[in-house]
Structures are given as structure tokens and as C-alpha cells.
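Here is a friendly walk through one model, with helices, sheets and a single residue as stops along the way. Please have the viewer open as you read.

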Amino acid sequence: MKRANGTGTIIKLSGNRRKAWMVKVPEYNENGTFTGHQIPIGYFATRSEADLCLAEYNKSHGTYDADKMQYTFSDVYNDFKNEKFPTKEEQKQMNENQKKIIGKVGISNMYQLSGSYKRSKKIWNRQYSELRKQDFKLVIDDCKNEVGTSKLNHIISFFRTLDDYALEQGIIQKGYAQFLDFVEEEVEEEKVPYSKEEIKTIWEYEGYLIADILLILLYSCMRIEELLSLETKNIFLNENYMIGGLKTDAGKNRIIPIHHIIKNIILRYYNSNNRYLFVDENGNKIKYSNYREEFNLFMDKLNMEHITHETRLSARSELDRKGANEVCTDRILGHKSQGIGRVKYTKKTIEELIETIELITYDILQNNSFQVLSKLM
């Protein structure tokens, strides 16, 4: 962790030394001007002893800002948030360009940090410089019955991130979150495709935004990020295909055939005046975070336990079950076929992709005219 300027440094010396930890502080001349060099003031057997020495030096020399030493946990978080979180305009820019902004955390990371802060209410008003490992651990222990392993580790990472920031800003002299151990990951549960009955249930909610999105995913093999980023100019309804995709070279700008069963759903949202197929009330692309929130509510309503990505697994499994051509399946999914050279899309290959996607039926019959939004009331 980088310390604030002028507060010294701790270095571990190489070799087999009894006192390998060296403490160095800035050197000043008779006029009190920094010479540009650091001088050692002690050597210690452990890092803890070195930390204590440097802390005492800075305290006695008034190196730290006394006001900052009084900062609460929330004060540190809010300073970090104001400096590191992207603004709404920056978030829009990041979504459009699919790139992070230097000096700002990513959007997904921003939501993780914000969520971790909300779960840390117990220490919001504690003076940050007084927090120790056991204080952070109490928060973690309180959350163990509420969240899974992944979110617990997000909270630990959050504490470490704030510690790094507080140390860099001279708010603390030593960070204690670094001593927290990450929670051991449990064996990851195998992803489960949507069942035939679950897909039938989703069809019953056709006309509701989240249901329509899930149905398009179930019959197209697309990723949710790809669908939310799909531009109307890349939708060719008369030719029954779209162009889209993210991530790998094989997945970007690929041809995605339109299954006849979802064509009317796409038409429902298609507006050539909009840049994206799915837009919010202001005509902007729907943010993944907003979608995710609505998706979770929809899953609760239907009493289902799934993640969105399992629609892609469901479609892939259905194509495998129907004996679909592997090359066509890879093209639709955006995977690179092993041992296959680059394929140029001709009219025939597009037709083959359409024939392949039409193999997805899940062995259920769709009325394709369900309108039961009243179920959500």
C-alpha cells in the first residue's frame, strides 16, 4: 500500500537478515527543505515493529493531518466515492465505449463497493484510525447468514480498498484490513438450464419486458450484455438475422439468426428512431444494473432460482440435444470452432444458421400471443 507523501516508507531488505525491515523517513536540511532523499531511522525483525516505529515517528513529528485522523468510516468512504466513482455522464460514456475511465472504478465494481458499504453500517460512525482487524471481522461475521461466499469476499476487498485509500491520504498510519483472510470459496454450484415448465411459465408473461428479454435470449443464444447493446441498425427483420456480439473476436459482430417464435417480440420493441432495441423512458440504452434488479424481482415473482446466463446454457443444451451442426452452433454462440478456418457468410450459410436456430423448441408449443400482464399486478 502506498503511504501519503512525506510519511516515510518501510522496506524489506534482501538476504537472510535478523532485522530485515528498514524504516526510512524524508531527509530535510537546516532550512527545513526536503533534500529529495530518505534516511533510515531503524531496523526491525518484524513488519509490525517497523510499522510501530514509523507510526510513532509521524505522530511525534506531526506529519499526519489531525483533522483527517478524526475521519469516520463513512467520511473515508464518501471521499473515496467522490474521487473514484464515475459520474452519471462518465457511466454513460463507459457503457457506450465498453471501456473504463482512467482513475475511476468500473461500473460493476462501483455497485459492489456501494453494496458492501451498505452492509457495513455497524462501523459507519467509527473513527477510521481506531478500526482494527476484529472490527472489520465483526461486520463479516454478521453478514455470513445473509450473503454467500462471493459477497463476503467483496466486502473484504472493499475494506482493503478503503484501507489503501486511507493510507494513501494520510488518514491512517497502518491498515488492518490487509490481515483479513478471504472466505474460502465453496464448490461452485453447476449452472442449471431453465426447465421446460419454467420456459412455459416465462411464455405466459410475454409482453412484460423481462419476460420478453429472457425469451429472446432463450431462442437466440445471446448474452444479456449483447442484447442490451444491440443496435436497431443491425437488425434485419426481412432477412431474419441480426449482427451483434461482444467479448471474443469470434463473438464480435457475428450474425445471429432470428428464430421465428421471437420475431414478434423483437418487433414490439423495434423503433428505427432509437439507437438500441431496448431503451428506457428517456430513449437511452437500458443499463445492466437496472435490468438485473428487475430480473431478480421477476425471478422472485415466478419462484425461480436462475441467473440470466443460464438462458444461453439452455439454448446450447437444446441445440446439442437436437443434434445441431457443431460449426453452426459455434457461429451462433460466437465461439471459435476448433480446426475450422474462417467462414465467409454467404446467403447459404445464413440460411444454415437460421435452420439451426429453428431447432430450438424445448418441446413446447407457443401460442405466441400471451398477454397476461395482470399476473404481475
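## A pair of helices

Helix α2 passes α4 in a left-handed crossing, a term used when the near helix is turned anticlockwise from the far one by less than a right angle (clockwise would be right-handed). The contact, meaning heavy atoms within 4.5 Å, is made by Phe73, Ser74, Tyr77 and Phe80 on the α2 side and by Leu113, Ser114 and Tyr117 on the α4 side. By class, this contact holds 5 nonpolar, 2 polar and no charged residues. Here Ala, Val, Leu, Ile, Met, Phe, Trp, Tyr, Cys and Pro count as nonpolar, Asp, Glu, Lys and Arg as charged, and the others, Gly among them, as polar.

How are α2 (residues 73-84) and α4 (residues 107-118) set against each other, in angle and in axis distance? They pack at an angle of about 165°, and their axes are 12 Å apart. That makes α2 roughly antiparallel to α4, a label for angles over 145 degrees. Axes are lines fitted to C-alpha atoms, for helices over the stretch in contact, with angles from 0 to 180 degrees between N-to-C directions.

## About the model

This is a predicted model, in which local features need pLDDT of at least 70, side-chain atom pairs count only at pLDDT 80 or more, and totals for chains, interfaces and linings use all residues. Residues are numbered from 1 along each chain as its sequence is written, and side-chain values use heavy atoms, leaving out hydrogens and water.

Helices (H or I, at least four residues) and strands (E, at least two) are DSSP runs, numbered from the N terminus.

Strands β1 and β2 (residues 21-28) are joined over 4 bridges, and Ile11 has Met22 in β2 as its bridge partner.

Another open sheet of 3 strands runs β4-β5-β6, again with antiparallel pairing. The edges are β4 (235-236) and β6 (254-257). Strand β5 (residues 241-244) pairs with β6 over 4 bridges, and Gly244 stands opposite Arg254 in β6.

## A stop at Glu56

Glu56 lies in helix α1 (residues 47-61). This residue is partly exposed, with a relative accessible area of 42% (buried is under 20%, exposed over 50%, partly exposed in between, with a 1.4 Å probe and protein chains only). Glu56 and Gln173 are 117 residues apart in sequence and 9.3 Å apart in space, C-alpha to C-alpha.

Notes. Parallel < 35°, antiparallel > 145°, perpendicular 65-115°, else oblique. Pairing = 2+ DSSP bridges.
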